[in-house]
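Trainee: I would like to go through this model one question at a time. Please show me the sequence and the structure before we start.

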Amino acid sequence: MLTARAPGKLLVFGEYAVLDGAPALVQAIDRQAQVRLRWHDAGMHQVRALPIAPEPSRFRFDPNGRVHWQSSEGAPALAYVEALLNALGPLPGGADRCLDIELDTRDFFDTGAANKLGLGSSAALTVALVSAWTALAEGQGGSRPGLDRLVELHRGLQGGRGSGVDVAASVAGGLVVYRGGDVASASRIMPPPGLDWMWIWLGKSASTSEFLAGMAHYRSQRADHYRQRIETMTALAEAGVRALSRGDSNGLLAIIDGYGQAMAQLGDSAGLPIWTDDHRRLALWAERLDVAFKPSGAGGGDIALAAGSDVEALAALARQAQSSGYRVLPLAPAETGLQLQWHNASES
């Protein structure tokens, strides 16, 4: 049996501009996707995915290497998993053996399967499942899939959109500076001293793919205007990396605030609600407390970032947010990225 675990992520800055070559700063967080693979004798492969499809769904690979469900009952909830398995195909030498596949992304949901938090669950699941699949194919001591391969695969399953920044966090862990492009790169970096993050859940999920589609439309209609906005955001992101490199906490906080405002301007220009009324309300409170604030991710909901060097000011913002119905998520950095663990038969 083999277990793979990969952490989720939250963006500090770099949203949207990372798609055009800007660096992004991403924090791996202590919510994990877990994949367990083991051979069994039930006559068919079976998969269950917590929390969305907890009952086992049985399948086989057809002669073209594509998933064929025994029944269509669990298939709708497993559409992403099916696409991922189709991309992977059957394991070499596994024609006479069947796999029991358990996928667990409960860490990425608020309660049950109702509200998915914007923590990069699909990327973490992709990293964990593809890495486990590769390891089972090659055996202990085999190579792991490279970052470019994982980014390419995840992007393909997302309709060709996405930067790969969430994949990089899941692979590397820690605080990561990510750059996409023809060859993706991810390097860990130390956070500046005396700086604290706080992540606020706005109470509703937002569709990153819909926002990216809207941004692509804006780019196609107003290319020059889009480029000006992205150039501003790129300059801010580059300045943020330089501030990190020299351990400049105040400089980084100013960048976080500035990048948040640039995201608001981009959203206004594109006609997309990157900033919502909830963001604006929280930003006003943060400004009064001298706390940096911005949406984390594509915007429209999900999660916001508050950052500062004054612990009491952050605590005051947390109290005000919680008294108004928002939630401060109990998240911590994940210092370790992808992990693979082999088990003996007796351990299963």
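This is a predicted model: local features need pLDDT of at least 70, side-chain atom pairs count only at pLDDT 80 or more; totals for chains, interfaces and linings use all residues.

Trainee: Which helix does Ser-249 lie in?

Mentor: The helix to look for covers residues 249-270, and Ser-249 falls within that range. Its number in the chain is the answer: helix 7.

Trainee: Which residues touch the most other members of the largest nonpolar core?

Mentor: In soluble globular proteins, nonpolar side chains tend to be buried together. The largest nonpolar core here has 120 residues. The residues touching the most other members are Tyr-16, Trp-133 and Trp-197.

Trainee: Which helix gives the most to this core?

Mentor: The helix in question spans residues 121-138. With 11 residues given to the core, the answer is helix 2.

Trainee: Which residues is Tyr-16 in contact with, leaving aside its neighbours within four places in sequence?

Mentor: Tyr-16 was named above for the number of core members that it touches. A contact needs heavy atoms within 4.5 Å. The partners of Tyr-16 are Phe-211, Leu-212, Met-215, Ile-230, Met-233, Leu-266, Ile-274 and Ala-298.

Trainee: How many of the residues lining the largest pocket are charged?

Mentor: This pocket holds about 1,100 Å³ of space and is lined by 44 residues, of which Lys-116, Ser-122, Gln-158, Asp-166 and Thr-208 lie nearest its centre. Among the elements that supply at least two lining residues each are strand 1, helix 2 and helix 5. By class, the lining has 21 nonpolar residues and 17 polar ones, and the charged residues number 6.

Trainee: Which elements give two or more residues to the lining of the second largest pocket?

Mentor: The second largest pocket has about 320 Å³ of space. Its lining has 18 residues, and those nearest the centre are Asp-257, Ala-286, Glu-287, Val-291 and Ala-292. The elements giving two or more lining residues are helix 7, helix 8 (277-288) and strand 10 (292-296).

Trainee: Why is strand 6 largely enclosed by the rest of the structure?

Mentor: In a regular strand the side chains alternate between the two faces of the sheet. In strand 6, Cys-98, Asp-100, Glu-102 and Asp-104 are buried on one side, and Leu-99, Ile-101 and Leu-103 on the other. Strand 6 is therefore largely enclosed, its buried residues being 7 of the 7.

Trainee: Which residue stands opposite Ile-101 in strand 6?

Mentor: Strand 2 pairs with strand 6 in the antiparallel sense over 7 bridges, and there Trp-39 stands opposite Leu-99. Strand 3 runs parallel to strand 6 and is joined to it by 5 bridges. The residue opposite Ile-101 is Val-47.

Trainee: Which residue in the turn between strand 7 and strand 8 has a positive phi?

Mentor: Strand 7 has 4 of its 5 residues buried. It is joined to strand 8 by 4 bridges in the antiparallel sense, with Arg-179 and Ser-185 as bridge partners. The two strands form a hairpin with 5 residues between them, and the residue in the turn with a phi of about 95° is Gly-181.

Methods: Residues are numbered from 1 along each chain as its sequence is written. Side-chain values use heavy atoms; hydrogens and water are left out. A nonpolar core is a set of buried Ala, Val, Leu, Ile, Met, Phe, Trp, Tyr and Cys residues joined through side-chain atoms within 4.5 Å. Buried means under 20% relative accessible area, exposed over 50%, partly exposed in between (1.4 Å probe, protein chains only). On a 1 Å grid over the protein atoms alone, a cavity is a set of points where a 1.4 Å probe fits but cannot get out, and a pocket is an open set with protein on both sides within 12 Å along at least five of seven lines; lining residues have an atom within 4 Å of a point. Grid points are joined across faces, edges and corners, and a volume is the space filled by probe spheres set on the points. Ala, Val, Leu, Ile, Met, Phe, Trp, Tyr, Cys and Pro count as nonpolar, Asp, Glu, Lys and Arg as charged, and the others, Gly among them, as polar. Two strands pair if DSSP finds at least two bridges between them.
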